[in-house]
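Please look over the following sequence and structure before reading on. The report begins with a pocket and then turns to the chain as a whole.

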Amino acid sequence: MRSHFCKFLDDQRGQRWLAIGRFYSGQNFSPQGLFNEMSLAWGITGNIPVRDLGDNRFLIDFATEHHFNRVTNGGPWRHKGDAFIVVPYDGRSRPSEIIIDSLTLWVRFYDIPLYLLTNAFGRVLGRKVGTVLEIGGSVKDYMRVKVSLPLAEPL
């Protein structure tokens, strides 16, 4: 189904940066409103080529690698108070095979004794929240850990 607000590019322009996004919300929403707000948050001017895949899922075609990296590595993104999660898509798999069941985010742990500011302790703390993806180390008065948080489990 093609949308009137964004045209999906079917051309052969070489390198493409594709992603699939899912809006986790039970409320009614306008896809145009969603992508108008996201384009502001993402710093993208003009229309974003998008294909509506149904079930609050969208195929997004980014014009530049910079925008692709910002969106897929940033976030979590929000619209109307609910999460919009965007993951990379290789363009070869069936879109229905892309499962978005977790949220990647940086968690900050504060007030840790200095001798415990280690990667090993960061992993221990991160596992309490979700699957540890990366240790960001200590910054000022906190330690950062990137985790994958399962959406089906409460915090």
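## The largest pocket

In this predicted model, 22 residues line the largest pocket, and Thr72, Gly74, Ile85, Val86 and Thr104 lie nearest its centre. Helix 2 (65-73), strand 5 (82-89), strand 6 (102-110) and strand 8 (142-150) are the elements that give two or more residues to this lining. A pocket here is an open set of points, on a 1 Å grid over the protein atoms alone, where a 1.4 Å probe fits, with protein on both sides within 12 Å along at least five of seven lines, and lining residues have an atom within 4 Å of a point.

The space in the largest pocket comes to about 260 Å³, a volume being the space filled by probe spheres set on the grid points, which are joined across faces, edges and corners. Its lining has 13 nonpolar, seven polar and two charged residues; Ala, Val, Leu, Ile, Met, Phe, Trp, Tyr, Cys and Pro count as nonpolar, Asp, Glu, Lys and Arg as charged, and the others, Gly among them, as polar.

## The fold

The protein has three helices and eight strands, in the order β-α-β-β-α-β-β-β-α-β-β from the N terminus. These are DSSP runs numbered from the N terminus, with helices (H or I) of at least four residues and strands (E) of at least two.

## Burial

Of the 155 residues, 36% count as buried, that is, under 20% relative accessible area with a 1.4 Å probe and protein chains only.

## Basis of the model

Residues are numbered from 1 along each chain as its sequence is written. Local features need pLDDT of at least 70 and side-chain atom pairs count only at pLDDT 80 or more, while totals for chains, interfaces and linings use all residues, and side-chain values use heavy atoms, with hydrogens and water left out.

How values were computed:
Buried < 20%, exposed > 50% of the residue type's maximum accessible area, 1.4 Å probe, protein only.
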